[in-house]
Amino acid sequence: MTDDELDLDHQDQPGGGFADFDAFFAEQAATGPAETFQLYGRTYRLPDALPLMFTLQMERLQASDDPDDVRAMLRTLVGEDALDHWAAAGMTDKQLGIVLIYAAATVRRPGSITLQRAAELYDQQNATAGKAPTPPAPNRATRRAKTGRRRAGSGRRS
């Protein structure tokens, strides 16, 4: 490519320089069948792509225990009252985690994960999350103090 081809300010734009993202994204939209799953007697249709709001809320709410935060996150993925329906049916924290792992992976790449694999990933995440961090190695001064030996001087007199 030449410098002129890479210079976006000087390229001719079809339509007089107007970029129609709506039309472009509509062309790019996935045309495959919608992924669905059944839970507690209801069928849920997953979106064709992971909604940005879900991703943003997932990052922001990882440490939150507020059910309203979880509701808002799930609303963008599976619908309005999913969390309340699941909680009323007796869903556990682990089951919710498995559903979230499965749903997010399936939206990103349909058919990429099984329910069993989602459960394994949940268990792995919780096994590492529950472990206490490894204490840092003692610093040099601490190690020397424990040995009781004194280091030889440099030979300089003070």
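Helices H3 and H4 are roughly antiparallel to each other, because their axes meet at an angle of about 155° and angles over 145 degrees count as roughly antiparallel, those under 35 as roughly parallel, 65 to 115 as roughly perpendicular and the rest as oblique. Here a helix is a DSSP run (H or I) of at least four residues, numbered from the N terminus. The model is predicted: local features need pLDDT of at least 70, side-chain atom pairs count only at pLDDT 80 or more, and totals for chains, interfaces and linings use all residues. Residues are numbered from 1 along each chain as its sequence is written, and side-chain values use heavy atoms, with hydrogens and water left out.

Two packed helices are described by the angle between their axes and the distance between the axes. Each axis is a line fitted to C-alpha atoms over the stretch in contact, and angles run from 0 to 180 degrees between N-to-C directions. H3 covers residues 52-60 and H4 residues 67-78, with their axes 9 Å apart. The crossing of H3 and H4 is left-handed, that is, the near helix is turned anticlockwise from the far one by less than a right angle. Met53, Phe54, Gln57 and Met58 of H3 make the contact with Ala72, Met73, Thr76 and Leu77 of H4, where contact means heavy atoms within 4.5 Å. Of these residues, six are nonpolar, two polar and none charged. In this scheme Ala, Val, Leu, Ile, Met, Phe, Trp, Tyr, Cys and Pro are nonpolar, Asp, Glu, Lys and Arg are charged, and the others, Gly among them, are polar.

H4 also packs with helix H6 (residues 93-108): the two axes come within 12 Å and cross at roughly 35°. This crossing, too, is left-handed. Val70, Met73, Leu74 and Leu77 in H4 meet Leu96, Leu100, Ala103 and Val107 in H6. The contact of H4 with H6 has eight nonpolar residues, no polar and no charged ones.

Rings of Phe, Tyr and Trp (its six-membered ring) pair if their centres lie within 6.5 Å; planes under 30 degrees apart are stacked, over 60 edge-to-face, and the rest tilted. The count comes to five aromatic pairs. Phe21 and Phe25 form a tilted pair, 5.5 Å centre to centre with 40° between the planes. Both lie in helix H2 (residues 21-28), four residues apart, about one turn of the helix.

Phe37 and Tyr44 are stacked, because their planes stand at 25°, with the ring centres 5.4 Å apart. Phe37, Tyr44, Trp86 and Tyr102 form one aromatic cluster.

Definitions and conventions:
Helix = DSSP H or I, 4+ residues; strand = E, 2+ residues; numbered from the N terminus.
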